[in-house]
Amino acid sequence: MSTLDVARAELALAVLYLNKAEARDKICRAIQYGSKFLSDGQPGTAQNVDKSTSLARKVFRLFKFINDLHALISPNAPGTPLPLILLGKSKNALLSTFLFLDQIVWLGRTGIYKNKEHTELIGRISLFCWMGSSICTTLVEIGELGRLSGSLKKLEKELKYTDKHKNEQYQSKIQKSNERSLALIKAGMDIVVAVGLLQLAPKKVTPRVTGAFGFVSSLISCYQVCINVRQVLHASSFYHISYLTCAVASITAEGQGILIRL
């Protein structure tokens, strides 16, 4: 593969990444919390960037509550323990409620909805819902990591006399474990961010602490979206290769049939 082909592939990845509303939202989130870290709650340019970016992000989340509403009514993977199912559904319900209420907050912040007191109240309720969903996510990831750890130990015993690092199933489980560990770290950080935004512990979780945790959490989110885009890109590449292989095989078979008839 030439340097130009590599550049094209990387640009294709960047285009796919930036075409996703989720990716743009997470980039704006990093800018928002980075500005909050710099401003430390003090008036100035950084705080203005924080507030304007926060309002702009709400546009990317319009009707996004439908995603978690769909996940709420979708069936779970077979073999999932009941406590993890309940926690997962609770997370979907809370996150969907947060995203729905956030639309009302957007209407209030833009001046469409005139009642400021109701807007502030709904904003606090929505943040409590987000904090609750982050707590549920943390518990779900801890439970799933425990299940993965048990299955990994069982698989290691089966692969005792072979090189486990060359086993595809083992590698897949390790990758899932790493992804869930990262999701657990992000969920824990989001809980701290929610505590800071709600000012539940203003002396310990200051605007600067909230900004720092939010910025790192946003970078993790950007990385997670990038990984998803890469997986989609690889899957589509595999599809095109498979399609071309089948087409070549079909043409070859037709050619052989023509030769036989001749």
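Visitor: In which helix is the place of K116?
Guide: This is a predicted model. Its helix spanning residues 116–158 includes K116. That helix is α6.

Visitor: Is K116 buried or exposed?
Guide: The relative accessibility of K116 is 69%. A residue counts as exposed when its relative accessible area is over 50%. K116 is therefore exposed.

Visitor: How many Å apart in space are K116 and V105, C-alpha to C-alpha?
Guide: In sequence, K116 and V105 are 11 residues apart. In space, taken C-alpha to C-alpha, the separation of K116 and V105 is 9.4 Å.

Visitor: Is α4 roughly parallel or roughly antiparallel to α5?
Guide: Helix α4 covers residues 65–73 and helix α5 covers residues 82–109. They pack with axes 8 Å apart, at an angle of about 155 degrees. Angles over 145 degrees count as roughly antiparallel, so α4 is, relative to α5, roughly antiparallel.

Visitor: What classes of residue make the contact of α4 with α5, and how many are nonpolar?
Guide: The crossing of the two helices, α4 and α5, is left-handed. On the α4 side the contact is made by F65, D68, L69, A71, L72 and I73, and on the α5 side by K89, N92, A93, L95, S96, L99, F100 and Q103. By class, two of the contact residues are charged, three are polar, and the number of nonpolar ones is nine.

Visitor: Is α1 roughly parallel or roughly perpendicular to α2?
Guide: The axes of α1 (residues 3–19) and α2 come within 5 Å. They cross at roughly 80 degrees. Angles of 65 to 115 degrees count as roughly perpendicular, so the arrangement of α1 to α2 is roughly perpendicular.

Visitor: How many residues in the contact of α1 with α2 are nonpolar?
Guide: From α1, Y17, L18 and N19 meet A21, A23, R24 and I27 of α2. One residue of this contact is polar and one is charged. The nonpolar residues number five.

Visitor: Is D40 exposed or partly exposed?
Guide: D40 sits in the loop between α2 (21–39) and α3 (45–60). Phi of D40 is near 55 degrees, a positive value in a residue other than glycine. The relative accessible area of D40 is 27%.

Visitor: Is F63 buried or exposed?
Guide: F63 is found in the loop between α3 and α4. Phi of F63, a residue other than glycine, has a positive value near 65 degrees. With a relative accessible area of 58%, F63 is exposed.

Definitions and conventions:
Residues are numbered from 1 along each chain as its sequence is written. This is a predicted model: local features need pLDDT of at least 70, side-chain atom pairs count only at pLDDT 80 or more; totals for chains, interfaces and linings use all residues. Side-chain values use heavy atoms; hydrogens and water are left out. Axes are lines fitted to C-alpha atoms, for helices over the stretch in contact, and angles run from 0 to 180 degrees between N-to-C directions. Helices (H or I, at least four residues) and strands (E, at least two) are DSSP runs, numbered from the N terminus. Angles under 35 degrees count as roughly parallel, over 145 as roughly antiparallel, 65 to 115 as roughly perpendicular and the rest as oblique. A crossing is left-handed if the near helix is turned anticlockwise from the far one by less than a right angle, and right-handed if clockwise. Contact means heavy atoms within 4.5 Å. Ala, Val, Leu, Ile, Met, Phe, Trp, Tyr, Cys and Pro count as nonpolar, Asp, Glu, Lys and Arg as charged, and the others, Gly among them, as polar. Buried means under 20% relative accessible area, exposed over 50%, partly exposed in between (1.4 Å probe, protein chains only).
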